[in-house]
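Please view the structure first.

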Amino acid sequence: MTPDHKTSEHKTADPSVTGPRSLFDRIWDAHVVKRLEDDRDLVFVDRHVLQETTSAQAFEGLARAGRRVMHPELTVATQDHIVSTLPGRDEGTNPGGTELLGLMRANTAAHGIRHFGVDDRRQGIVHVMAHETGFALPGCLLTCGDSHTSTVGGLGAIGLGVGTSEVEHVLATQTLAITRPRNMRVTFDGALGRGISAKDIILHMIGQLGVAAGRGCAVEYAGPAIRALPIEARLTICNMSIEFGARLGLIAPDDATFAYVRGREFTPTGAAFDRAVAEWRDLVTDPDARFDRDFTIDCRQVAPQVTWGTSPQDVAGVDVAVPDPAQFADHRRRDLAAAALSYMGLEPGTPLEGIPIDVAFIGSCTNGRLSDLEAAAAVARGKRVAPNVRALVVPGSMSVKREAEALGLHRIFENAGFEWRDAGCSMCVSINEDVVAPGARCIATSNRNFENRQGLRSRTHLASPAMVAAAAIAGRITDVRKEMTA
Ligand SMILES: CC(C)[C@H](C(=O)O)[C@@H](O)C(=O)O
Ligand code: SF4
């Protein structure tokens with residue numbers, strides 16, 4: 001039951017690969033088992049993660065076909081989406097989730113797959129648990145039936161979100177048939193200003209490039225601003241790759257990465273770790289590698305970002321006003337912006353700063369890690385949540401929760417009037433009991449602001465943890481940089 005710790009066990013020397021290669025090419029080529037006739041690649045899956053909402057049908061399919069799980073030791077399961085996050089919860093706390101949670105427990109037990117249920121210390125959102133346990137490692141190819149699997153790219157891994165039928169395929173064969181993504185690179189220049197986080201620069205980038213910019217691509221994030229980011233911030237960047245249509249995002253691993261993965265439950269130890277690090281050091285892009293798409297983003301002037309519409313590209317600095325749809329040259333974008341403003345109940349020209357909020361949500365696979373909670377706590381310390389605002393802090397995993405409590409962060413949040421929860425997806429997605437009421441306005445650290453995302457007719461503004469904490473205190477969207485000088 002111990003996963004093989006090699007970065008990739010199916011290295012195929014590919015004679016067609018010559019010349020300079022990208023980081024993505026290197027990892028991908030090491031996983032190609034076979035080129036299929038339909039131009040797809042059959043790739044080996046080193047690691048597979050299950051969540052409760054997309055695995056039941058896959059197990060049903062296996063049962064119908066009379067197949068077993070080929071490598072149960074290479075899969076782990078966690079309960080995250082429909083679990084209650086009320087402290088002390090169990091599988092029955094959210095009655096709507098009980099059946100799926102029970103099915104996952106039974107299916108994983110029947111197939112000998114590790115299961116991190118709500119009673120396990122390692123339970124957490126898939127895209128938080130996978131890397132913090134060392135199950136995901138640099139250079140590995142990991143799949144999960146969930147779109148934000150790209151998060152592990154922050155370690156220099158390929159994370160692929162797949163559909164339920166592919167989950168079944170991976171369980172049965174430990175491989176995936178998939179079209180090879182194209183290479184894209186975004187270089188982030190300059191240093192981040194005070195109060196600016198990874199969330200701000202990735203939202204800014206999506207605003208600049210648009211939600212379709214990454215379609216079909218593996219996106220490498222590079223440049224001095226990325227290299228300076230701590231690992232958890234790199235995970236936030238790669239998580240949001242999905243918000244501009246990319247297949248995955250990744251960042252070359254470095255000493256900070258190796259220090260981060262060292263000593264985790266599934267990370268190799270001793271000489272095996274040293275060998276792994278020696279291999280991981282080769283995971284770089286050649287200087288003359290060619291990219292199908294190549295962009296540069298200047299981080300110097302980026303202000304704290306907040307979305308005003310119903311797509312992540314509807315984003316602006318907090319110091320400007322809600323745009324007038326007429327300013328968009330493209331007529332489709334203009335219509336979308338007008339519809340978004342009507343849904344959001346906002347008038348063009350209204351300053352973003354000052355828009356009153358009803359709910360503040362800190363958590364999710366984008367910003368539910370320890371450093372995110374630390375950033376929020378630094379703002380909330382000694383303050384009170386505004387009257388009439390409901391504010392939640394939901395750690396991304398139970399490990400994050402324990403670490404935060406060891407630092408006393410829960411006291412800061414509780415004293416300020418935030419709810420302090422157990423781990424799960426919670427209010428990021430309205431498939432558990434944490435729902436935003438119709439017409440209510442929520443500022444959230446999550447990654448999606450679609451119509452009805454947080455509940456029927458809910459209104460979502462995406463922002464960084466520090467910005468959400470500042471809004472919770474002020475009762476309105478506010479520029480966190482002012483809070484910091486106060
Ligand atoms: C429920 C699940 C399939 C979904 C996804 O894959 O993205 C969820 O995680 C989300 O963020 O909407
Ligand atoms: S936290 Fe949100 S985006 Fe992440 S996996 Fe859960 S529902 Fe999906």
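## Helices 6 and 8

At what angle do helix 6 and helix 8 pack, and how far apart are their axes? In this predicted model, helix 6 (residues 198–209) packs with helix 8 (residues 231–239) at an angle of about 25°, and their axes are 9 Å apart. Because angles under 35 degrees count as roughly parallel, helix 6 is roughly parallel to helix 8.

Helix 6 passes helix 8 in a right-handed crossing. On the helix 6 side, the contact is made by Ala198, Lys199, Ile201 and Ile202, and on the helix 8 side by Ala233, Thr236 and Ile237. By class, this contact of helix 6 with helix 8 has 5 nonpolar, 1 polar and 1 charged residues.

## Helices 13 and 16

Another helix pair is formed by helix 13 (residues 370–380) and helix 16 (residues 465–474), which pack at an angle of about 30° with their axes 8 Å apart. Their crossing is right-handed.

From helix 13, Asp372, Ala375, Ala376, Val379 and Ala380 meet Pro465, Ala466, Ala469, Ala470 and Ile473 of helix 16. The residues of this contact divide into 9 nonpolar, no polar and 1 charged.

## Around ligand 2

Which residues surround ligand 2? The shell consists of His81, Ile125, His127, Asp146, His148, Ser364, Cys365, Cys425, Cys428, Val429, Asn447 and Arg453. By class, these are 5 nonpolar, 5 polar and 2 charged residues.

Ligand 2 lies between domain 1 (23–295) and domain 2 (307–481), because both domains give residues to the shell around ligand 2.

Terms used. Residues numbered from 1 in each chain as written. Chains lettered and ligands numbered in written order. Predicted model: local features only at pLDDT ≥ 70, side-chain atom pairs only at ≥ 80, totals over all residues. Heavy atoms only, no water. Axes fitted to C-alpha atoms, helices over the stretch in contact; angles between N-to-C directions. Helix = DSSP H or I, 4+ residues; strand = E, 2+ residues; numbered from the N terminus. Parallel < 35°, antiparallel > 145°, perpendicular 65-115°, else oblique. Left-handed = near helix turned anticlockwise from the far one by under 90°. Contact = heavy atoms within 4.5 Å. Nonpolar A, V, L, I, M, F, W, Y, C, P; charged D, E, K, R; others polar. Near = heavy atom within 4 Å. Domains from an automatic or database assignment.
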